[in-house]
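Okay, thanks everyone, let me get the model up on the screen. I'll take us through the fold first and then a few spots along the chain.

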Amino acid sequence: MTQRTLSRPLIVTGTDTGIGKTVFAAALAGALQAHYWKPVQAGIEEEGPDAQRVGFLGGLPAGKVLPEAYSLTTPCSPHLAAEIDGVTIDTARLALPQVDGPLVVEGAGGALVPISRTQTYADQFARWGAPVVLVARTMLGTINHSLLSIEALRARGVEILGVAFVGDPVEDSETTICAMGKVKRLGRLPRLDPLTPEALAAAFTANFRVEDFA
């Protein structure tokens with residue numbers, strides 16, 4: 001797989017929470033040898049914060065995993081987690097980091113997850129002006145969730161690079177989403193057991209073309 005340097009950052013968002021977005025972000029960052037940044041971390045999973053997990057799964061050097069702008073205690077929507085922690089999220093601190101080479105930025109949950117009481121991640125994506133990869137599961141309900149996410153992003157003028165699916169193959173759902181949503185089908189990442197850096201890198205290579213992200 002030939003690596004290319006991206007001319008601008010890439011944003012990874014999802015249609016829902018717990019669909020494999022972080023695992024995909026790790027695979028993408030590893031394939032591009034990109035820097036990785038999750039601006040707001042709300043709650044820490046058993047496996048550790050997402051940045052730590054992405055660094056391990058993507059095989060990224062420590063210096064390419066950037067610290068969060070906000071690390072919040074409660075595992076819930078960032079707007080509420082911030083309120084519980086007594087923190088005000090300042091959008092000025094969410095400016096994209098300036099790095100040498102590609103940057104993969106991961107949102108939290110879905111595109112319309114609130115960062116504050118007045119702003120969603122989709123609003124922030126529009127401010128960044130960078131293209132978005134929408135990660136969608138292949139399970140029941142994905143057509144509705146995906147098309148709604150596509151509409152929400154487009155309503156804000158966000159460029160959608162394409163859809164990356166996660167899960168077992170469901171040809172009709174994948175084809176329908178991309179045809180009706182008029183988006184590029186980037187590929188599908190299968191569920192991996194065990195999930196290791198080596199297995200993830202091999203699965204990405206087998207199912208995606210790195211040039212589609214350039």
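What follows is a quick walk from the whole chain down to single residues.

Ground rules, quickly. This is a predicted model, so local features need pLDDT of at least 70 and side-chain atom pairs count only at pLDDT 80 or more, while totals for chains, interfaces and linings use all residues. Residues are numbered from 1 along each chain as its sequence is written, and side-chain values use heavy atoms, with hydrogens and water left out.

So, the big picture. We've got 7 helices and 8 strands in the protein chain; those are DSSP runs numbered from the N terminus, with helices being H or I of at least four residues and strands E of at least two. The radius of gyration is 16 Å, which agrees with the value near 17 Å that a compact globule of 214 residues would have. That's taken over C-alpha atoms, and the globule rule is 2.2 Å times the number of residues to the power 0.38. Along the principal axes, the C-alpha atoms fill a box of roughly 45 × 35 × 35 Å.

How much of the chain is buried? It's 53% of the 214 residues, where buried means under 20% relative accessible area, exposed means over 50%, and partly exposed is in between, with a 1.4 Å probe and protein chains only. Now contacts, meaning heavy atoms within 4.5 Å: of those between residues at least 6 apart in sequence, 72% join residues at least 24 apart.

On to the inside. A nonpolar core here is a set of buried Ala, Val, Leu, Ile, Met, Phe, Trp, Tyr and Cys residues joined through side-chain atoms within 4.5 Å. The largest one has 37 residues, and Trp37, Leu72, Ile89, Leu94, Phe125, Trp128 and Leu153 touch the most other members. Helix 4, residues 121–128, gives this core its largest share, 4 residues. There's also a second, separate core of 32 residues, including Ala29, Val104, Val135 and Leu189. Back to Leu94 for a moment: setting aside residues up to four places away in sequence, Leu94 touches Trp37, Ile89 and Trp128, among others.

Thr142 sits in helix 5, residues 142–155, and Thr142 is buried, at a relative accessible area of 1%. Beyond its neighbours within four places in sequence, Thr142 contacts Ala136, Arg137, Ser173 and Ile177. Ser173 and Ile177 are among the buried residues of helix 6, along with Glu174, Thr176, Cys178 and Gly181. Those buried residues pack against helix 5, strand 7 (160–166) and strand 8.

Just after helix 6 comes Lys182, with a positive phi of about 55 degrees. Lys182 lies in the loop between helix 6 (171–181) and strand 8, and is exposed at 68% relative accessible area. Gln33 isn't a glycine, but has a positive phi too, of about 50 degrees. That one's in the loop between helix 1 (21–32) and strand 2 (35–37), and at 26% relative accessibility Gln33 is partly exposed.

Last stop: where is Pro194? Look in the loop between strand 8 (185–189) and helix 7 (197–207). Asp193 and Pro194 are joined by a cis peptide bond, with omega at about 5 degrees.

That's me done, over to you.
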